[in-house]
Amino acid sequence: MLRVNGRTFYAILRDGSEKELFLFGPRSRVDFLDAKLKMIGIEGCKRVSDDDDGISIPLSRLSEEAPPGGCMIVLLHDDYFAAADLLEGMGYRPGWDFRWIKRYGMENLRTRYRFDPMLGFNTVGDEGTPGFFALGDPENRAAKRIVILGGSSTDPGSYLFRSWPEYLKDLLDEVGAASVVFNGAVTGYTSAQEALKLMRDVMALRPDVVVSLSGINNNHLVNKHPFYIDYNMKLGSYFASHEAPTVNMSRLLPFEALDYQAEGFDKYEWWLDHERAMRYFCELKGVRFFCFLQPNLMSKREEAILPEEREYLLNRSFMGRQGLTPQGYRDITRGFCDLLARTPGDGWLFDLTDIFDGEPRSVYEDGIHVNERGNELTAKAVFDCVSEALR
């Protein structure tokens, strides 16, 4: 059965108000979704089929009925990649002209990640720099070498539009600063994974500066242990002893997290402790380190929240992870901000939670992630804080 959550309905409603909707998939699924959309006032959706059934628009004639740029095609196929290949071959762009019902939004569904025994998973990265995407020429020894760490708000593969490190590279180019930016951020990473990646991988890139934009993912630590998150637990549970490449296969037991509460555990303090550890490690290697506490929708001042953002707050499924309510986000933000308010930054620790308060239009795609305008503003804020070190 085709299941559609409230967040998807919200996004389709937004798309349907701006573009003509075309439903592309098996007839039974198209009928089901069409009926549900009519319940929320979206009528007149056209149907697309990869065969001529006499009812739907044949795929071969789609560009006649819906030229790229003027429609939104909702993909109901289970095999997203095959259907996406067909549409891209016809000139349609993923995320702008078509989206997949299973992950309805602006996500970059072409992104690939790899299993990583220490970190749980990692980005594929560029050839020669696995886990990192390079902006600029990595072979330019005269260029300032900048490494960026963080989660999905920074991961270049999260969305189809430009990431904030790309805008940061533009700003450096504009002022004539020779630089190469290595984006090592990964969707879902906590500060613990950032710290591990820094110590294991980052120094091989010979960085001059390391920048971390993080915070919100530390809410997902499990068992009140600073190095375990639910992603690691899920990955570990997939492995069976007969599949593991080790001589002790018969002795290999399922992965298990330590079942105890770390002394003095506090998700906010642990975030800051990890950032301090990264800074100290960088100092040992002669590398400048800067940390930025990331914004989220509920970090805005109450009076700065826009009408369209209040609609997000009414739709809890739009706020991100299941069970995390707007008030939950507000509590998280207050915990981080209170921590920073009583912590001397000494020029390396910055709070960006209010950088979108004055924007006339919302930059948020959901409760955490921002659109391309938001990424542009984030890059400007980072650049303004530490431009001297980045040049």
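In the predicted model, the protein chain exposes about 18700 Å², of which carbon and sulfur atoms supply 51%. Of its 391 residues, 53% count as buried. The chain contains eleven helices and 15 strands. Among contacts between residues at least 6 apart in sequence, 73% join residues at least 24 apart.

The largest nonpolar core comprises 65 residues, and the members that touch the most others are Leu198, Val210, Trp271, Phe292 and Leu390. Helix 11 provides the largest share of this core, with eight residues. With residues up to four places away in sequence left out, Leu390 touches Lys144, Ile146, Leu168, Leu172, Val209, Val211 and Phe383.

A bend of about 60° is located at Asp384. At the start of the helix, a side-chain oxygen of Asn371 lies within 3.1 Å of the backbone nitrogen of Arg373.

The buried residues of helix 11 are Gly374, Asn375, Leu377, Thr378, Ala379, Ala381, Val382, Phe383, Val386, Ser387, Ala389 and Leu390. Their cover includes helix 5 (164-174) together with strand 11 (144-150), strand 13 (209-214), strand 14 (288-293) and strand 15 (349-351).

Technical notes. Residues numbered from 1 in each chain as written. Predicted model: local features only at pLDDT ≥ 70, side-chain atom pairs only at ≥ 80, totals over all residues. Heavy atoms only, no water. Bend = angle between axes of the 7 residues up to and from the residue. Helix = DSSP H or I, 4+ residues; strand = E, 2+ residues; numbered from the N terminus. Buried < 20%, exposed > 50% of the residue type's maximum accessible area, 1.4 Å probe, protein only. Contact = heavy atoms within 4.5 Å. Polar contact = N/O pair within 3.5 Å; in protein donor to acceptor, adjacent residues only side chain to side chain. Core = buried A, V, L, I, M, F, W, Y, C linked by side-chain atoms within 4.5 Å. Areas by Shrake-Rupley, 256 points an atom, 1.4 Å probe, with all protein chains shown as cover.
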